Amino acid sequence: MELTLWTYEGPPHVGAMRIASSMEGVHYVLHAPQGDTYADLLFTMIERRDRRPPVTYTTFQARDLGGDTAELVKRSIAQAVERFQPEALLVGESCTAELIQDQPGALAMGMGFGELPIVSLELPAYSKKENWGAAETFYQLVRCLLKNQLPQPGTPKPSPQRWREEGRRPRVNLLGPTLLGFRCRDDVREVTRLLGERGIDVAVTAPLGARPADLMRIPTADANVCLYPEVATTVCSWLERSFGMPTIKTVPIGIAATEAFLAELEQVLGLEPEGAAGAGKAAGLGERASRLPWYSRSVDSTYLTGKRVFIFGDATHAVAAARIASQELGFEVVGLGTYSRELAREVRAAAKELGLEALISDDYLAVEKAMAEAAPELVLGTQMERHSAKRLGIPCAVISTPLHVQDVPARYSPQMGWEGANTIFDSWVHPLMMGLEEHLIGMFRHDFEFVDGHRSHLGDGAPAASPAPEPEHDKTAPASATAPATSPGSARTSGYTGPALATATLEAPAAAPSAPATIGEPVWTADGEAELHKIPFFVRGKVRRNTETFARERGIAAIDSETLYDAKAHLSR
């Protein structure tokens, strides 16, 4: 373990909390000290839920370590069962309590709760993290509830196309969505609608919104959809081995992936073209169902072609974003990585196809360094990358957990399916457009539209009345003394939240050129600096270095706008 300011994932017991909080009728008893109860805030603040997570903490203190903490565990378990009457009980310990070795799961098993399903969670806090903890908890819970339904050895596997013989519509399970996932609520709604249009029913959605009794109905479906591999891969693999249930592995994020998802369903379930409108003809549906394909080819989007993009997030969303960016929007992916070590292989494979080396790291500072070196024009990442991109002055869109409250919108905003493609286009392209607007404001701020009397669109209020003629003796005052102050909110009113690097520099009072730090080194004049800052930020550093080299080779001491353009003409030959 190491000390860090930010972390992409919490300890595995937070993953277990996500499963318990996502379900109904499940309670989690967590053996933990007082300080480990902070996780409640993740659900009440970020998810904006109207109730606390269904978790009972033993909350032992330092003075309890000298006594029998096992009795404290048993008392907490008994009180939780009596008060909440759960349909299934999860029992585990936090990273701190793991050191005490009270074995709370074994204690609960011996307390005589009759038919109550009890799942003892052994989550290694010092080697695993949150997503692994969620996947393991979900797997152990499903396995516990389905143990009496396991088929006898040698039993033939049921056919995923048996729905025809039984005279019903095909049905699937949607596995993996949880609280604190990225747009899971809306993804489930969108995928359920998508399946309904194809004549496919959803038997069980879990963990999100499911009860223990719902998990016991999982084998009644014809196939499982692994909607979020970080959480559902383990349980889907077990269901395939134990019950012979095939897994739909394509995650429908983006136009091509949604079409591939429908094609995989069609193949596994044996759907015929007449089974549903358009079944068997998944290719091309995106052109009719989503606006992203047209927008990405329209005149308004031609300036997006070739934009450099850096991508980092959980494996599922990072791989999907790389595919959409490179194949559907015409971006150039200059960086791809994930913090999900369990799915690092998939990210490495996707990066290799793009001619990149994947960044597998949970160190946000290493990610920020890689981001800066890649010099992208757009960052697609987590809330960590949003902060890093803001410091670097690069537009950013959040595509993955970890997230903050603004990434849990009240509106319908899926990432999957046809409507998800529309959402993706809007959320990715708008930061670029706002960044372009900010750059243009900085470039043309000296034009007449931006002088006093024409600045209401920058947040300075209505145009000011023309000032009275100045007294004769004031006309010699410096221009900076009478220039209107720039509103600190002017950059924000454009809708772009990044730092206004170009405008901030241009708005500073003109200063005399400073003496060079090293004898013989050229210095920039105020005129040269102003002209330099009209160049987009993502190439400005390179232009500065090339111009300084040009001036140094020719013995030019002061770099003004004329020198800048001479250097440009020389290097363009």
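Which residues of the largest nonpolar core touch the most other members? I shall answer that first, and I note at the outset that we are looking at a predicted model.

The largest nonpolar core has 57 residues, and those touching the most other members are Val 172, Phe 261, Ile 311, Phe 331, Leu 336, Leu 380 and Trp 428. Let us take Val 172 from that list. Leaving aside residues up to four places away in sequence, Val 172 touches a set of residues that includes Leu 195, Ile 200, Asp 201, Ala 221, Val 225, Leu 265 and Leu 269. Another core, of 51 residues, lies apart from the largest one; among its members are Leu 123, Leu 145, Val 231 and Phe 243.

Helix H10 covers residues 255-269, and its 15 residues reach 21 Å from the first C-alpha to the last, close to the 21 Å expected at 1.5 Å a residue. Of these 15 residues, 11 are buried, so H10 is largely enclosed by the rest of the structure. Just after the helix, Gly 270 takes a positive phi of about 70°.

I turn now to the aromatic rings. The count of aromatic pairs comes to five. In one of them, the centres of the Tyr 139 and Trp 238 rings are 6.2 Å apart and the planes stand at 75°; an angle over 60 degrees counts as edge-to-face, so this pair is edge-to-face. Tyr 139 belongs to helix H6 (residues 130-146) and Trp 238 to helix H9 (residues 229-243), so the pair ties together parts that are 99 residues apart in sequence. Are these two residues, Tyr 139 and Trp 238, buried or exposed? Both are buried. Trp 238 also forms an edge-to-face pair with Phe 243, at 5.8 Å centre to centre and 70° between the planes. Phe 243 is buried as well, and we have already met Phe 243 in the core of 51 residues.

Helix H6 itself is mostly covered, with 14 of its 17 residues buried. At 1.5 Å a residue H6 should span 24 Å, and the end C-alpha atoms are 24 Å apart, which agrees.

Elsewhere, ring pairs link Tyr 8, Phe 312 and Tyr 339 into a cluster.

Finally, charges over rings. The charged end of Arg 189 sits over the ring of Tyr 412, 4.1 Å from the ring centre. Arg 544 lies over the face of Trp 524, at 5.3 Å from the ring centre.

Key
Residues are numbered from 1 along each chain as its sequence is written. This is a predicted model: local features need pLDDT of at least 70, side-chain atom pairs count only at pLDDT 80 or more; totals for chains, interfaces and linings use all residues. Side-chain values use heavy atoms; hydrogens and water are left out. Rings of Phe, Tyr and Trp (its six-membered ring) pair if their centres lie within 6.5 Å; planes under 30 degrees apart count as stacked, over 60 as edge-to-face and the rest as tilted. Helices (H or I, at least four residues) and strands (E, at least two) are DSSP runs, numbered from the N terminus. Buried means under 20% relative accessible area, exposed over 50%, partly exposed in between (1.4 Å probe, protein chains only). A charge sits over a ring if NZ of Lys or CZ of Arg is within 6 Å of the ring centre and within 35 degrees of the ring normal. A nonpolar core is a set of buried Ala, Val, Leu, Ile, Met, Phe, Trp, Tyr and Cys residues joined through side-chain atoms within 4.5 Å. Contact means heavy atoms within 4.5 Å. The expected span of a helix is 1.5 Å times one less than its number of residues.
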